[in-house]
Amino acid sequence: MNELTLYFSPSCPFCRKVFNFMQSRKINIPLKDVSLESSYRDELMNIGGKTQVPCLIINGEALYESDDIIQWLETNFRD
Ligand SMILES: N[C@@H](CCC(=O)N[C@@H](CS)C(=O)NCC(=O)O)C(=O)O
């Protein structure tokens, strides 16, 4: 079982693209809004080396880029 967290910001269009995909597949992942908590931004920086969102943390490894995140979800949340 993969341990997942999605860092995002509500104003980010790339994050919305990922959310739209998750909604279409009924995928639920623990979320961290970097616009609400500056500590989340620090966490993201420590894990992945940059603060760019969206970022999916998979078992402690950072996956940036909305298209790559969607591709990973597509592969790993197949019915
Ligand atoms: N190519 C990236 C673009 C992501 C991006 O530009 N995110 C912006 C917010 S919309 C961001 O995090 N900017 C702040 C930063 O890079 O630290 C993707 O598709 O995920």
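User: In which hand does α1 pass α3, left or right?

Analyst: This is a predicted model. In it, α1 passes α3 in a right-handed crossing.

User: What's the angle, and how far apart are the axes?

Analyst: The packing angle is about 15°. The axes of α1 and α3 lie 9 Å apart.

User: So what do we call that, parallel or antiparallel?

Analyst: Roughly parallel, because angles under 35 degrees count that way.

User: Which residues meet there?

Analyst: From α1, F14, K17, V18, F21 and M22. From α3, S66, I69, I70 and L73. By class, this contact has 7 nonpolar, 1 polar and 1 charged residues.

User: How many residues does α1 have, and what does it span?

Analyst: α1 covers residues 13-24, 12 residues in total. Its first and last C-alpha are 17 Å apart, close to the expected 16 Å.

User: What follows α1?

Analyst: K26 does, with a positive phi near 55°.

User: Where else is phi positive without a glycine?

Analyst: At N59, about 50°. N59 sits in the loop between β3 and β4.

User: V53 and P54: cis or trans peptide bond?

Analyst: Cis, with omega about 0°. P54 is in the loop between α2 and β3.

User: Which of the shell residues are in the α1–α3 contact too?

Analyst: F14 and S66 are around the ligand. F14 is also among the α1 residues that meet α3, and S66 is on the α3 side.

Key: Residues numbered from 1 in each chain as written. Predicted model: local features only at pLDDT ≥ 70, side-chain atom pairs only at ≥ 80, totals over all residues. Near = placed C-beta within 6 Å. Helix = DSSP H or I, 4+ residues; strand = E, 2+ residues; numbered from the N terminus. Expected span 1.5 Å × (residues − 1). Axes fitted to C-alpha atoms, helices over the stretch in contact; angles between N-to-C directions. Parallel < 35°, antiparallel > 145°, perpendicular 65-115°, else oblique. Left-handed = near helix turned anticlockwise from the far one by under 90°. Contact = placed C-beta atoms within 7 Å. Nonpolar A, V, L, I, M, F, W, Y, C, P; charged D, E, K, R; others polar.
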